[in-house]
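Subject: Structure for your review

Dear colleague,

Please find below the structure that I am handing over to you. My notes on its salt bridges follow it.

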Amino acid sequence: MPDAQGLAQSTWGWPVIVYLFLAGVGAGACLFAWWAERRQGPESLVTAGRRLAAPLVAAGTLLLVFDLGAGRMHPLRILGLYSHPASVMTLGTWILSIFLVLSVVDGYGPLAGLRPPRWWAGLTALFALGVALYTGVLLGVVQAIPFWNNALLPVLFVLSAASAGMSAASLTALLVERGRVELEGFRDLHRALLVAEAAVLALYLYFAAHGPEAARLSYRLVVAGPLAPAFWLGLVGAGLALPALFELLAAPRLWARVLTRPAWLGLEAGLVLVGGLCLRLLVVGAGVPMRLL
């Protein structure tokens, strides 16, 4: 098997990584706000999730547009992305555009005296799910890179987006309310998301390790190559293991008094966000095209 170093794709760089992260967090925050409202959660949490959604997805989308050559040199050519119904990028462009309109009204309409009907939040959440899925599909349709062309990638990105979005909304609410936010009722959901993300990540890497040669090289880059520190320390350690440990220790009465304090809750949310960013960095950075082998 050839050396994995130097074979990873270099076409898609940091703007795409940041887009995948911001769009995932924004979509996840919207989904969490919809779910928290249905569970009659704190208003500060619902508001934080709704108001984070549009700016984060818009900032990420702007980076994606300008990462395209046409976006920088001929901006009007971007309009062509709306007119190819058979293209996944056209589908994603429509989903992102509709979501941005819906989420702006959902998050900021009340500030202008506009009260959207109750179904509006549900429709916005539905498109938020589409945005989170599209971050995985955008890479998954690239058949020349087997590490990306995996049906589990959109599922992994959706689970990560839900966890990171929930963390971003919680962290924002903690900062706005100076720690006076009750998060205890949402810990079961966060535990379930962490376990599900870890399980899907393990399956995703298993299929990469037993897939075509390019996928096996990607696997080596992630677990034992130059990307290994970001994988073991950033994704596994900071993004999954430590938050899971916090959640586990929060159950006993003694540790719960410590780990439910705002500083610890904020630290846990920050760690999840670090893990979410590392996941996108690893997936994009470890993509090895088949034509290079």
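**Salt bridges in the model**

Glu-37 is partly exposed, at a relative accessible area of 32%. Please keep in mind that this is a predicted model.

The partner of Glu-37 is Arg-50, and their closest N and O atoms lie 2.6 Å apart in a salt bridge. This pair links distant parts of the chain, since Glu-37 belongs to helix H1 (residues 14-38) and Arg-50 to helix H2 (residues 43-67), 13 residues apart.

The search of the whole structure returned six salt bridges. Another of them joins Arg-187 to Glu-268, with 3.5 Å between the closest N and O atoms. Here, too, distant parts of the chain are linked: Arg-187 is in helix H7 (residues 187-209) and Glu-268 in helix H11 (residues 262-285), 81 residues apart. Both Arg-187 and Glu-268 are buried.

Asp-188 is exposed, with a relative accessible area of 57%, whereas Arg-191 is partly exposed at 26%. Through shared partners, salt bridges connect Arg-187, Asp-188, Arg-191, Glu-247 and Glu-268 in one network.

Yours sincerely,
A colleague

Key
Residues numbered from 1 in each chain as written. Predicted model: local features only at pLDDT ≥ 70, side-chain atom pairs only at ≥ 80, totals over all residues. Heavy atoms only, no water. Salt bridge = Lys/Arg side-chain N within 4 Å of Asp/Glu carboxyl O. Helix = DSSP H or I, 4+ residues; strand = E, 2+ residues; numbered from the N terminus. Buried < 20%, exposed > 50% of the residue type's maximum accessible area, 1.4 Å probe, protein only.
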